[in-house]
Amino acid sequence: MDSKSVKEFIRKEVPDWDDELIATARFKAFSGQKSDWEPKFQFWKNLIVKIARHFGVFIISPPQVKNEWFNRGGLTPLCIDHVLFIMYNEGEITRISDMVGPYSGRITQLFYKVKSLMNRSTMSPESILLEDCLILTTLLKEKADEVIKCLSESHWNSHCVVTRNKFESMCGGQKEGYAVLSYLSGCRKGQYLSTNKKELIEGIKVSLSSAVVSGVSSLDFDTLHLIWTQEKLQQQLDVIDRRWEMSRQSALASLKSGNKKLALRHAKEMKLGTENREKCNSLLNRVEEVLSVIANVESTKQVTGAIQIGARVIKENKISIEEVQLCLEELDESIDSQKQVEKALAPSLDMEDEDIEEEFRKLELEIGSGNLKDLNPEAGVSDSEGTDQSLADALLNLKLADDAPGSGSAIQNSGLPAKNKESNSPMLEAA
């Protein structure tokens with residue numbers, strides 16, 4: 001983080017940052033009751049979080065915050081140590097030394113927890129400025145969610161295994177990876193695993209769903225070894241491609257200078273590089289194919305498990321397959337009917353008055369021929385004789401509001417006819 005960029009961001013966020021009178025009040029140390037300095041504390045706390053979030057970091061250095069971020073011509077805030085100390089006591093920031101070591105065993109993690117609790121009691125406003133780095137817990141959670149979301153976009157299963165190097169690069173560095181994995185381990189959403197295959201291979205198993213991460217299996221170790229091999233082969237391919245390009249440039253330069261012997265040597269290097277690339281690419285394709293098979297098997301296993309659970313629920317509730325199929329068919333019919341009703345009731349926004357009058361004449365003809373006989377009894381219409389005549393009278397009294405205020409001609413379908421308070425006959429209104 002460049003201090004110049006930070007200061008430019010501060011001036012955008014705090015328009016009165018360069019006001020001498022306001023700055024003098026802000027830079028003073030806390031004194032008096034909490035109500036006296038609470039607004040000042042909230043200002044500095046929110047500004048620290050905004051800066052860190054804007055620059056994509058969740059680990060801050062107390063000396064950098066005080067002496068670089070908020071330095072105004074050699075003057076630094078006298079209250080920053082108390083701001084960080086209060087944030088620490090309220091759990092809004094923490095030290096890396098307070099976090100449980102995610103790469104250690106259960107007993108060691110328990111020891112770290114007890115040690116951190118003992119160290120918290122010795123913390124003071126002066127000592128917190130001596131810390132190398134502090135972690136903003138809110139932004140740490142946001143970073144962990146971001147990493148899980150990124151992994152979910154490239155994995156279809158409820159969990160995944162990645163190498164430690166890839167995990168740390170996604171988090172932004174070694175310290176950041178340590179903090180994120182410590183947080184995920186505390187939530188039981190992540191677990192460290194390692195295996196020795198001629199050399200130490202380290203990885204992280206992450207749960208991509210709301211469930212806790214499952215225990216590490218032998219398949220997880222094999223998957224980690226394959227993924228590690230895949231990354232190594234890809235790195236080797238990148239090295240071969242760079243060397244091939246360098247040989248190509250050298251061959252071209254040799255030809256231009258007339259040194260055909262040297263150009264021929266570079267051409268042989270290019271051919272050897274091409275052969276090595278084909279072998280490496282073939283191995284990479286085989287590894288990727290095995291990983292794809294493993295992923296498909298796990299997906300099939302999840303689907304099979306879901307089917308078995310569904311079958312067990314059906315059996316426990318004594319529901320037959322025919323009943324389930326019938327319910328599905330009825331649901332499809334209900335959806336189709338609803339779509340047809342919505343389509344029929346959808347108002348036409350570009351309908352002209354002539355179209356409305358034509359529809360009105362059709363309704364009159366249908367009423368005259370006795371096609372409209374049954375009305376909804378909930379609308380207050382009885383089945384007595386004269387219903388058709390009452391409906392006809394109501395339709396004849398229908399007024400087309402050509403001069404409706406604001407929107408011109410419009411038709412509103414209520415779905416049910418309204419009840420006339422005097423004659424209990426249905427009325428259709430157009431407004």
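Student: What order do the strands have in the open sheet that includes β4?
Tutor: In this predicted model, the order of that three-stranded open sheet is β4-β6-β5, and the pairing is antiparallel. Strands (E, at least two residues) and helices (H or I, at least four) are DSSP runs numbered from the N terminus, and two strands pair if DSSP finds at least two bridges between them.

Student: Which strands stand at the edges?
Tutor: Those are β4, residues 159-163, and β5, residues 190-197; each has a single partner strand, so one side of each is left without a neighbour in the sheet. From one strand to the next, the twist averages 25 degrees.

Student: How many bridges join β4 and β6?
Tutor: There are five bridges between β4 and β6, which spans residues 199-207, and the two strands pair in the antiparallel sense. At H159, the residue standing opposite in β6 is S207.

Student: Before I go on, what cut-offs apply to this model?
Tutor: Since the model is predicted, local features need pLDDT of at least 70 and side-chain atom pairs count only at pLDDT 80 or more, while totals for chains, interfaces and linings use all residues. Residues are numbered from 1 along each chain as its sequence is written, and side-chain values use heavy atoms, with hydrogens and water left out.

Student: Back to the sheet, then: which strands does α10 lie across?
Tutor: Helix α10, residues 174-186, lies across β5 and β6 and runs at about 115 degrees to β5, where angles go from 0 to 180 degrees between N-to-C directions of axes fitted to C-alpha atoms, for helices over the stretch in contact (heavy atoms within 4.5 Å). Helix α11, residues 218-257, lies across β4, β5 and β6, at about 45 degrees to β4.

Student: Where is R188?
Tutor: R188 sits in the loop between α10 and β5, and its phi is positive, near 60 degrees, although the residue is not a glycine. Most residues other than glycine have a negative phi.

Student: Is R188 buried or exposed?
Tutor: R188 counts as exposed because its relative accessibility is 55%; exposed means over 50%, buried under 20% and partly exposed in between, with a 1.4 Å probe and protein chains only.

Student: And what about the sheet that has β1 in it?
Tutor: That open sheet of three strands is ordered β1-β3-β2, with antiparallel pairing. Its edge strands are β1 (59-60) and β2 (93-95), each pairing on one side only. Three bridges link β2 with β3, residues 134-136, in the antiparallel sense, and I93 has L136 in β3 as its bridge partner.

Student: Switching to helices, where does α3 bend?
Tutor: Helix α3 bends at K40, by about 25 degrees, which is the angle between axes fitted to the seven residues ending there and the seven starting there. Its buried residues include W37, K40, F41 and W44. After α3 comes G56, with a positive phi near 70 degrees.

Student: Which residues of α8 are buried?
Tutor: In α8, which covers residues 137-154, the buried residues are T137, L139, L140, K143, A144, V147, I148 and L151.

Student: Last one: how many helices and strands does the protein chain have?
Tutor: The protein chain has 15 helices and eight strands, and buried residues make up 31% of its 431 residues. Of the contacts between residues at least 6 apart in sequence, 68% join residues at least 24 apart.

Terms used:
The expected span of a helix is 1.5 Å times one less than its number of residues.
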